[in-house]
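Reader: I am new to this structure and would like to learn how to read it. Please take the features one by one.

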Amino acid sequence: RVNRQQAFNSTMDLANNEVGILVNRQSGGTPDIPSIRTELQSIYTAGGMFIWEIPVGAAGPTENLSEGILIKSNGTRIY
């Protein structure tokens, strides 16, 4: 039996990893860390990645409190 939290972790990680891979490919394979970091921050701010929703009243951004709800990295809900 698959743990639901692990399934959500995998979904989020795979989607975010794909963003990183695409940004790296666009850089032509040259490891220009500052420009890659800037591009990833731009994508993150625009909501192009996924994060855990932090429930109202939660002490911090822990996955245990997330209840497995993913949202876009700009805080937009996708459900």
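**Reading a predicted model**

Author: Begin with confidence, since this is a predicted model. The average pLDDT of the protein is 81, and 75% of the residues score at least 70.

Reader: What should be done where pLDDT is low?

Author: Where pLDDT is low, the predicted coordinates should not be read in detail. Among the elements here, helix H2 (residues 33-46) has the highest mean pLDDT, 93, while helix H1 (residues 4-26) has the lowest, 83.

Reader: How many helices and strands does the protein have, and in what order do the elements run?

Author: There are two helices and two strands. Read from the N terminus on, the order is α-α-β-β.

Reader: What span should H2 have, and what do its end C-alpha atoms show?

Author: The 14 residues of H2, at 1.5 Å a residue, should span 20 Å. Just after H2 comes glycine 47, with a positive phi of about 90°.

Reader: Which way do residues three or four places apart point in an α-helix, and why?

Author: They point the same way, because an α-helix has 3.6 residues a turn.

Reader: Is asparagine 16 buried or exposed?

Author: Asparagine 16 counts as buried, at 18% relative accessibility; the cut-off for buried is under 20%. Asparagine 17 has 45% relative accessibility and counts as partly exposed.

Reader: Which residues is asparagine 16 in contact with, leaving aside neighbours within four places in sequence?

Author: Asparagine 16 is in contact with Met49 and Phe50. As for asparagine 17, its C-alpha atom is separated by 9.1 Å from that of methionine 49, and the two residues are 32 apart along the chain.

Reader: Where is the place of phenylalanine 50, and what does phenylalanine 50 touch?

Author: Phenylalanine 50 is in strand E1. Not counting residues up to four places away in sequence, phenylalanine 50 touches Met12, Ala15, Asn16, Ile71, Lys72, Ser73 and Ile78. With a relative accessible area of 27%, phenylalanine 50 is partly exposed. Its C-alpha atom and that of leucine 14 are separated by 9.9 Å, for residues 36 apart along the chain.

Reader: How many salt bridges does a search of the whole structure find?

Author: The search finds one. In this salt bridge the side chains of arginine 77 and glutamate 53 meet, at 2.7 Å from N to O. Arginine 77 lies in the segment after strand E2 (70-72), and glutamate 53 in the loop between strand E1 (50-52) and E2, so the pair ties together parts that are 24 residues apart in sequence.

Reader: Which of the two is buried, and which is exposed?

Author: Glutamate 53 is buried, with a relative accessible area of 13%. Arginine 77 is exposed, with a relative accessible area of 52%; the cut-off for exposed is over 50%.

Reader: What are the totals for the protein?

Author: Of its 79 residues, 22% count as buried. The accessible surface comes to about 5800 Å², and carbon and sulfur atoms hold 55% of that. Of the contacts between residues at least 6 apart in sequence, 44% join residues at least 24 apart.

Terms used. Residues numbered from 1 in each chain as written. Predicted model: local features only at pLDDT ≥ 70, side-chain atom pairs only at ≥ 80, totals over all residues. Heavy atoms only, no water. Salt bridge = Lys/Arg side-chain N within 4 Å of Asp/Glu carboxyl O. Helix = DSSP H or I, 4+ residues; strand = E, 2+ residues; numbered from the N terminus. Buried < 20%, exposed > 50% of the residue type's maximum accessible area, 1.4 Å probe, protein only. pLDDT = per-residue confidence, 0-100. Expected span 1.5 Å × (residues − 1). Contact = heavy atoms within 4.5 Å. Areas by Shrake-Rupley, 256 points an atom, 1.4 Å probe, with all protein chains shown as cover.
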